[in-house]
Amino acid sequence: MRQPGTTPLHVDLRRYLRETDEDRDLTRVICEIADASKYIINAIRTGDLGMAGTSNLYGEAQLALDVLSDRIIRKRLVHSGVVACIASEESGEVQQIDKDCDHKYSVAYDPLDGSSLVDVNLAVGTIVSIYKGCDVLRPGREQVAAMYILYGPRTTLVYSTGRGVHEFAMNSLMEYTLNHENLRMKPGPAKIYSPGGQRSKWTEGTERFAQELEGSGAKLRYSGGFVPDINQVLIKRNGVFMYPHLQDAPEGKLRVLYELNPMAFLLEQAGGAASTGRGRILDLQPDRIDMRAPIFIGSRESVEQAERCIAEAG
Ligand code: F6P
Ligand code: MN
C-alpha cells in the first residue's frame, strides 16, 4: 500500500483506489458514480434546459436535467451488484434493491444540486453519501465514504473513505486523475464567507457572526451552488459556508442526508468542522429522509465562532 503523500499526480481514480487498498465493492460504488458523471456532464453541456414534459426536434420527450441525472446514477447503482438501498433527493424515496444487505452498501445522493443554476451557466454538482448495510436513516458519522463531483469550467471529483480527502480532475480522455492528495484546511479563521438565505430573515446569532466575520475583513464569496461554494472552501483550505436557520424556516433549507452529511464528512476529514450552529452535523439522528438542518461549515475556528454567537444570542 502507498504511503499518503507519495502518489504521483495524474494517477487514475480506479488505480488510486486499488493502490490505497480500498474495499473492492466500495471502489465499485465510487467508480460507478464517477462513470455516471461523464454522462451527466454531457447532458449539462448539450441538453435542453429545464424542459421536462416537452419534446425535442424528433418528437421525443425531454427530461429535466435533474431527473435525467438521477436516472443515470440510479441505473448504474442498481446494476452494480454491490448496492442494497438507494435514496435520492430527486425521487424522495428509498429504493430497496437487495434484501440481503449485510455485505452491501447503501447510497444517498443529490444527483444534480443547484440544477436551476444550469440555465444561467453557473457551476452545479452531484453529492453522494455511502453507508454499509441497508439503513440510510443513521447519523452521518457512520458514513463509510462521501464524495461530490463539481461540474464547473473543469470537472473535479472529491472523495473520502475516512482516510483523508482527495481531489481528482477530469482530463481530455474523460478520466479522473489525481490533483490533490490529502487536502487539509489551514489553521486560522475564515478569510472568505458564503452565506445563504435572505439576511433579513437571519436570527440574531447569525447576524452577529456575519458582522464579526466582516469586521475581521472576511470577503463575501457566494455562488449560490452548494457544491462550488464548499469546493472553494476545501480547495482554498480556508473559509466558511453557512445556510442558517431562518426566522420563517427554523430548519434552514439544505437536506441532512443528501447535502449536509456528505459535505460534513469531507470537511471534518480535511480538518475542518461542520455544525448546525448548536451541535455537530454528523451527530444528527435523522428521523426522515428529507430532514433539513441549518449548517455552518468550513474553518474550525469560524464554525466554533458561529456556535458561540448563536449560544450568546440565545
Ligand atoms: O439545494 C439547492 C441549493 O441550490 C444549493 O445548491 C444552494 O446552496 C442553496 O440551494 C441556495 O439557496 P438560496 O437560493 O436560498 O441561496
Ligand atoms: Mn440539492
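Predicted model: local features only at pLDDT ≥ 70, side-chain atom pairs only at ≥ 80, totals over all residues.
Biologist: What makes the contact between domain 1 and domain 2, and how many residues does each give?

Modeller: Contact means heavy atoms within 4.5 Å. Domain 1 gives 42 residues and domain 2 gives 30 residues.

Biologist: How do you know whether the radius of gyration agrees with a compact globule?

Modeller: The rule is 2.2 Å times the number of residues to the power 0.38, and the radius is taken over C-alpha atoms. For 314 residues a compact globule would be near 20 Å; the protein chain has 19 Å, so the value agrees. Along its principal axes, the C-alpha trace spans about 55 × 50 × 40 Å.

Biologist: Which helices and strands are counted, and how many of each are there?

Modeller: Both are DSSP runs, numbered from the N terminus: helices are H or I with at least four residues, strands are E with at least two. By that count the protein chain has seven helices and 13 strands.

Biologist: Why is helix α5 called largely enclosed?

Modeller: Start with the cut-offs. Buried means under 20% relative accessible area, exposed over 50%, and partly exposed in between (1.4 Å probe, protein chains only). Helix α5 covers residues 226-236, and nine of its 11 residues are buried, so the rest of the structure largely encloses it. Among the buried ones are F226, D229 and L234. Just after α5, R237 takes a positive phi of about 60°.

Biologist: Is T155 buried or exposed, and how do you know?

Modeller: T155 has a relative accessible area of 5%. The limit for buried is under 20%. T155 is therefore buried.

Biologist: Where is T155 found, and which residues does it touch?

Modeller: T155 is found in strand β6 (residues 155-160). Not counting residues up to four places away in sequence, T155 touches I41, R45, I149, L150, F168, A169, M170 and Y176.

Biologist: How much of the protein chain is buried?

Modeller: Buried residues make up 54% of its 314 residues.

Methods: Residues numbered from 1 in each chain as written. Chains lettered and ligands numbered in written order. Heavy atoms only, no water.
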